[in-house]
Amino acid sequence: MSKIKVAAMQLEPGGSTEDNIAAVTGLVREAAGDGAQVVLPPELFEGPYFCRVEDEGLFATAKPTASHPSVLAMQRLAEELKIWIPTSFFERDGPHHYNSLAMIGPDGKVAGIYRKSHIPDGPGYEEKFYFRPGNTGFKVWDGPQAEKLGVGICWDQWYPETARAMMLMGAEILFYPTAIGTEPHDPDLDTSRLWRRAMIGHAVSNVVPVVASNRIGTECGQRFYGHSFICDERGDLLAEFGATETGVLTAELDLDAARRHRAAFGFFRDRRPELYGRLVQDI
């Protein structure tokens, strides 16, 4: 049997980088204590979500992978606990800046970097000012028992192409660290149910479990709506939070069963790539 225990976390980052890393560390320890082998913190947990405004002074918070405090802290923790921690961080690489993720394995090493491919730009989410579109392509990594882990970052989670590309690369679980909440231009618009439905749709159409971690709390009037969850390959929720809870969600995933269900549905057997050329034409 190929069963893996995974965890999502939900919390309110705020204050200093050290405080945020300490809070995430506590939740990682809690998840590992419950048997989780892969633990997913939210997007950019190092601090408040700074992309609400365009402020050139905030570029100073970006660091290279090898010296970023979030990455270094999670490396030490992953090695100690012998787990995988997909770690989101603000990366500086020479003159370029990325919204990146380091896949950290139980040896404490960075197995690779994924740079967010889809960069949003709108009221309260002005990420194009800070982040260059990722140049890594989509990524999957070996996880427990060598099963492949696929990770997209926040805005990536709305794109069916992201999920399908990772599946075609062999992903058997999809993870999405997130920072999303209210829309400053429309206070009555609550996208939390749309956000969740989009990812559950990826689970169903790819027959794959999905793990999503979001932040909570109000930052300068912008409320982050949580609703972190873990669902199975049929889109059924195995664990979920609402809009205010802090803590960890854990669930055991049966990847052998997911493989059987994926084969039985025939979604990958019946693909017609020769008909999909329009998908890659920018016209």
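**View 1. Salt bridge between Glu 240 and Arg 196.** Glu 240 and Arg 196 form a salt bridge in this predicted model, with 2.6 Å between the closest N and O atoms. A salt bridge is counted when a side-chain nitrogen of Lys or Arg lies within 4 Å of a carboxyl oxygen of Asp or Glu. The pair links distant parts of the chain: Glu 240 belongs to strand β15 (residues 237-240) and Arg 196 to helix α4, 44 residues apart. Helices (H or I, at least four residues) and strands (E, at least two) are DSSP runs, numbered from the N terminus. Arg 196 is buried, with a relative accessible area of 12%, whereas Glu 240 is partly exposed at 44%. Buried means under 20% relative accessible area, exposed over 50%, and partly exposed in between (1.4 Å probe, protein chains only).

Residues are numbered from 1 along each chain as its sequence is written, and side-chain values use heavy atoms, without hydrogens and water. Local features need pLDDT of at least 70 and side-chain atom pairs count only at pLDDT 80 or more, while totals for chains, interfaces and linings use all residues.

**View 2. Salt bridge between Asp 93 and Arg 115.** The side chains of Asp 93 and Arg 115 pair at 3.0 Å, N to O. The pair joins distant parts of the chain, with Asp 93 in strand β3 (residues 85-93) and Arg 115 in strand β5 (residues 110-115), 22 residues apart. Asp 93 is partly exposed, at 36% relative accessible area; Arg 115 is buried, at 10%.

**View 3. Salt bridge between Arg 29 and Glu 80.** The closest N and O atoms of Arg 29 and Glu 80 are 2.8 Å apart in this salt bridge. Arg 29 sits in helix α1 (residues 17-33) and Glu 80 in helix α2 (residues 69-81), 51 residues apart. Arg 29 has a relative accessible area of 38% and is partly exposed. In total, the structure holds 14 salt bridges.

**View 4. The buried side of helix α3.** Thr 162, Ala 163, Met 166 and Met 167 are buried in α3 (residues 160-168). They lie on the same side of α3, because they cover an arc of only 130° around the axis. The arc is taken from the directions from the helix axis to the C-beta atoms. The buried residues of α3 pack against several elements, including β9 (148-151), β10 (173-177) and α5 (255-265); contact means heavy atoms within 4.5 Å. Gly 170, with a positive phi near 105°, follows α3.
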